[in-house]
Amino acid sequence: MMMNVACNDRDRIFEDGTRVEWAALEAHAASCPACAGELRAWKSLSVAAQEMRDYTENPASWPRIERALAEEAGRKTRPARRRSWLSFLPGISLGWQTAVAGALVLVLAISAGWIFIRGPHRVENDKSLLKSAALENVERAEALYVQAIDKLAAEAKPQLENPATPLLANYHEKLAVLDSAIADLRTEAGLNPSNAQLRHQLLAMYQEKQHTLEEVLEARKQ
Amino acid sequence: MGTMGLALPWKARIASVPRERESRVEPSEHFAGGPNPAVVDAITEDASLAAGCRAGNLQTYERLYSIHGARMRNLARNLLGNPVDAEDAVQETFLKVQRGIASFRGQSSFVTWTYRILINTCYDARRSRLRKKEVANDDSAETPRPEPRAPGAHPSLRMALERALASLTKHQRDVFLLYEVEGFRHAEIAGMLEITETASKNTLFQAKKNLRMILEPPRSSAAEAR
């Protein structure tokens, strides 16, 4: 049996009516022009609302969302990869890791300080390389020095070519060895004229030759 | 942003397609004669979508989009009045779902939770647009101007309704759009907007009453026209 509704039930049914109440309102509207108009207007709003529904597909939409989701997922995994790179320290506590890091920083700071302090002195003391002007002076002095020694050698030559004593014979041999060494060093110095170490050795050889020649001349006087 | 932890009863599962309605009646969603198979399917699908998204499966996100994407876009477009902003809002919603899925505890339907995120994202976009307008000293109204849409739609009727909707309160407009346009149930709308089901019904009633007043010419002028 159909339930009866009146005009004043209309709004309540519009708001929260059951299926049975709606059917009763429809039946009532058939004989009530005012409720029929209200019911029609009420339903027409629902029909009009359909015009606001547009479910057409946009083919570009999903690829765009998918790309954004993939990028977001990539961003999430990157920090995890960084953590796994540090996983070679799994058994070391955070305190020890901090201590190790602090020690490394200390070592680096000391090394940097040492390099900073020692650097300029090392450059100042480093005479392995000679500048061209200094080299010219050295070569000039060396040439004069060699000339002076050659004069000594010319004076000692008669005794050495005919040694009267075994001592002079030994000096002769010694001078022959020195001359050979000087010749080798001069060759090397010619190839690398800026090498101060070679120059030192050459100078030592010349000095030794000078002393030896002096001794030969001393022995002649005696 | 208050999108998590939604408490919505499981009976209020969201169907994948909006229901057709003429005079839509909701007899308090009581299911006589055992569980409704459609509801059971919806629950299973919802759980499957939630699990897939939690696992970070892109195919599940694609499935979520294929089922709800068009409706989400339409809702966002009606809330924002602009198809470009709507696309951005839907994308942002998917990103928020991806970011927040770990905190989704399943107290509510996953899809309702997703729509709630979408609605909040649209609110945020609307607020941010309003701020920009204020900065630019734009005196235009808060409600966005809708853009032309599908050619199949009745333009004058749609435009009249859109204009009328613009003069409703935000809550009335949202409930009207969710119920009448998108076809959600009051229980679902209650979950999305964090209101009671009764409040949703009452808001819709007020919205429709106001729309009638706006859309119908005054009785005296209508009589003159005759």
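Predicted model: local features only at pLDDT ≥ 70, side-chain atom pairs only at ≥ 80, totals over all residues.
**View 1. B:A166 sits in helix α5 of chain B.**

**View 2. Chain B meets chain A.** Here 51 residues of chain B touch 38 residues of chain A. The size of an interface is often quoted as the accessible area lost when the parts come together. In this model about 4200 Å² is buried between the two chains, and carbon and sulfur atoms supply 57% of that area.

**View 3. A salt bridge joins A:D16 and B:K201.** Zoom in on this pair and you'll find the closest N and O atoms 2.8 Å apart. Across the interface of chain B and chain A, the rule picks out five salt bridges. It also finds 21 residue pairs in polar contact across that interface, with both residues at pLDDT 80 or more.

View 4. The elements giving two or more residues to the side that touches chain A are α2 (58-80), α3 (83-100), α5 (155-166), α6 (170-181) and α8 (197-215) of chain B. The largest share comes from α2(B), with 10 residues. Sorted by class, this side of chain B has 22 charged, 21 nonpolar and eight polar residues.

Technical notes: Residues numbered from 1 in each chain as written. Chains lettered and ligands numbered in written order. Heavy atoms only, no water. Contact = heavy atoms within 4.5 Å. Buried area = accessible area lost by both parts, 1.4 Å probe. Salt bridge = Lys/Arg side-chain N within 4 Å of Asp/Glu carboxyl O. Polar contact = N/O pair within 3.5 Å; in protein donor to acceptor, adjacent residues only side chain to side chain. Helix = DSSP H or I, 4+ residues; strand = E, 2+ residues; numbered from the N terminus. Nonpolar A, V, L, I, M, F, W, Y, C, P; charged D, E, K, R; others polar.
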